[in-house]
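Biologist: I am new to this structure. Please take me through its domains and one of its ligand sites.

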Amino acid sequence: MFAARQSFNLFQKRAFSASASQASKVAVLGAGGGIGQPLSLLLKLNPRVSDLALYDIRGGPGVAADLSHINTNSSVTGYNPDAAGLDSCLKDAEIVLIPAGVPRKPGMTRDDLFNTNASIVRDLAKAAAKSAPNANILVISNPVNSTVPIVSEVYKAAGVYNPKRLFGVTTLDVVRASRFISQVQNTDPSNEKVTVIGGHSGVTIVPLLSQSNHASIAGEARDALVNRIQFGGDEVVKAKDGAGSATLSMAMAGARFAESLLRAAQGEKGVIEPTFVESPLFKDQGIDFFASKVELGPNGAEKIHEIGPVNEYEQKLIDACLVDLKKNIQKGVDFVKANP
Ligand code: NAD
Ligand code: LMR
């Protein structure tokens, strides 16, 4: 019992090695789901979070009651759709994470989720634009390449759009890249930093192995690794066999991104995460959103980094990415224009 408690405390210290320096309310929309529950658990363990607000169309208060017994200082409140629950959940939030929406089943692409998830994200974005217009919005719901432009169009229509505060969470691609390369190279994944750029689906996911510790990886080994990073989500969808997609690894990735934003907001310098944001990098080609390394700060996305040197192979990956990404972004924009 003592050993278990000791190792739990050690986990908390290692995972979130800081004490809270200011009050930060974090809201999770879709908190009752496969991602929402473990994500909320990790946020409850984060001492930087002072208030955790959990909303779902079903189950928010139950998850909140359960988490509220964990002996960390943050308050946890659950909300249902009734009695202005969503607005109360969002009020004064510094970060809003959105994992609401349906996941894939085998044989589906992320784009196949568009018809269901586009309106879910649009409606949640409308509520956030009204009740938490200055919060950082972290979109997890797929297809991220389209749901992020949906949020931006909703915010523009509401007159509160701040591109520095809107993020598509692509951290899971970075986490996977780090783990998969460590398996191939037999190294410690915590030392493996792989920049992943582009978007979050199939060929729009572009890992830059030439900028990693293993720039010399080539040939079939490189092709297999890149393919695994691009289609890692499919592995989980297939293994879950109809019961959904990645939830636990996504919860870890979402909690890591939220933690990075909180660290940066609380004054830490040099906090950099690849993430899908409104970006100048390919605007001249009509592509307004792109994931690349972004330096975070008190104002959200402070600096969008250049892609840096890439080899011929990676340039071809980028070219293929841009074709799909442009269509995915336009689909999100068109949806809000046709269904405001
Ligand atoms: P899930 O079905 O287990 O949970 C979704 C939750 O959303 C449910 O609790 C549901 O009640 C809730 N919900 C539905 N409509 C809602 C609304 N209007 N308001 C509030 N809550 C609502 O699904 P999941 O496995 O948690 O996946 C959620 C989404 O995240 C999916 O779209 C999935 O594709 C996506 N995802 C993204 C990444 C990424 O890397 N960005 C990774 C994994 C999954
Ligand atoms: C993932 O990358 O695991 C998520 O986008 C979920 C999915 O549909 O694969």
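Biologist: Which domains does the domain assignment of the protein give?

Modeller: This is a predicted model. The assignment divides the protein in two. The bounds are 24–169 for domain 1 and 171–330 for domain 2.

Biologist: How many residues does each domain bring to the contact?

Modeller: The C-alpha centres of the two domains lie 21 Å apart. Residues are counted as in contact if their C-beta atoms, placed from the backbone, lie within 7 Å. The contact takes 37 residues from domain 1 and 38 residues from domain 2.

Biologist: Which element gives the most to the side of domain 1 that touches domain 2?

Modeller: The elements that each supply at least two residues to this side are α2 (36–44), β4 (95–98), β5 (136–139), α6 (144–158) and β6 (166–168). By class, the residues of this side are 21 nonpolar, eight polar and eight charged. With six residues, the element that gives the most is α6.

Biologist: Which domains does the shell around ligand 2 draw on?

Modeller: Residues around ligand 2 include Pro103, Arg104, Arg110 and Asn142. Leu172, Gly233, Ser245 and Ala246 are also among them. At least three residues come from each of domain 1 and domain 2.

Biologist: Which helix gives the most to the shell around ligand 2?

Modeller: The shell has five nonpolar, three polar and two charged residues. Gly233, Val236 and Val237 are among the residues around the ligand, and a helix spanning residues 232–240 gives the most, with three residues. That helix is α9.

Notes. Residues are numbered from 1 along each chain as its sequence is written. Chains are lettered from A and ligands numbered from 1 in the order in which they are written. This is a predicted model: local features need pLDDT of at least 70, side-chain atom pairs count only at pLDDT 80 or more; totals for chains, interfaces and linings use all residues. Domain bounds come from an automatic or database domain assignment. Two residues are in contact if their C-beta atoms, placed from the backbone, lie within 7 Å. Helices (H or I, at least four residues) and strands (E, at least two) are DSSP runs, numbered from the N terminus. Ala, Val, Leu, Ile, Met, Phe, Trp, Tyr, Cys and Pro count as nonpolar, Asp, Glu, Lys and Arg as charged, and the others, Gly among them, as polar. A residue is near a molecule or strand if its C-beta atom, placed from the backbone, lies within 6 Å of it.
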